[in-house]
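Please keep the sequence and the model at hand while reading.

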Amino acid sequence: HEGVLKHIEKEIEEVRQDPLNVEEWIDIILLAFDGACRMGHTPANVVKALITKQQKNTRRKWGVPPQADEPSFHLK
């Protein structure tokens with residue numbers, strides 16, 4: 001899994017260089033999908049987990065980031 005994580009880090013740098021290029025964002029998604037599958041998860045389980053996690057996130061309350069381009073974290 002370290003190889004996939006290193007590749008994701010490289011792709012993050014490419015997104016930083018060209019954030020409007022949707023293909024660079026998709027590279028990160030595809031690598032994360034590949035990494036999950038390499039860890040034994042089936043493609044169907046990865047998709048199911050993605051949907052479940054998004055539903056969970058939409059039910060959460062989120063804090064306001066300190067600045068416009070800073071991360072926002074869910075409230076506990």
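Which side chains meet in a salt bridge at 3.7 Å, N to O? They are those of Glu11 and Lys10. The model is a predicted one, and the distance is computed from its atoms. The distance qualifies because a salt bridge requires a side-chain nitrogen of Lys or Arg within 4 Å of a carboxyl oxygen of Asp or Glu. By this rule the count comes to four salt bridges. Side chains of opposite charge can pair when their charged atoms come close.

The two partners in this pair sit in unlike surroundings, as their accessibilities show. Glu11 has a relative accessible area of 5% and is therefore buried, the limit for that class being under 20%. Lys10, at 44% relative accessibility, counts as partly exposed.

Lys10 also forms a salt bridge with Glu14, where the closest N and O atoms are 2.4 Å apart. Glu14 and Lys10 are four residues apart in helix 1, which covers residues 2-17, so about one helical turn separates them. With 23% relative accessibility, Glu14 counts as partly exposed.

Another salt bridge links Glu13 with Arg16, and here the closest N and O atoms are 2.8 Å apart. Both residues lie in helix 1, three residues apart, which is about one turn of the helix. Glu13 has 41% relative accessibility and counts as partly exposed. Arg16 has 59%, so Arg16 counts as exposed, since that class begins over 50%. As for shared partners, salt bridges join Lys10, Glu11 and Glu14 into one network.

Which residues make the nonpolar surface patch of about 500 Å²? The patch is made by Val22, Trp25, Ile26, Ile29 and Leu30. One of these residues, Ile26, lies in helix 2, which spans residues 22-38. Is Ile26 buried or partly exposed? At 37% relative accessibility, Ile26 counts as partly exposed.

To go back over the main points, Lys10 pairs with Glu11 and with Glu14, while Glu13 pairs with Arg16. Ile26 in helix 2 belongs to the nonpolar patch.

Notes. Residues are numbered from 1 along each chain as its sequence is written. This is a predicted model: local features need pLDDT of at least 70, side-chain atom pairs count only at pLDDT 80 or more; totals for chains, interfaces and linings use all residues. Side-chain values use heavy atoms; hydrogens and water are left out. Patches are made of residues with over 30% relative accessible area and no salt bridge: like charges are joined within 9 Å, nonpolar side chains (Val, Leu, Ile, Met, Phe, Trp, Tyr) within 5 Å. Accessible areas come from the Shrake-Rupley method with a 1.4 Å probe; for residues, only the protein chains shown count as cover. Helices (H or I, at least four residues) and strands (E, at least two) are DSSP runs, numbered from the N terminus. Buried means under 20% relative accessible area, exposed over 50%, partly exposed in between (1.4 Å probe, protein chains only).
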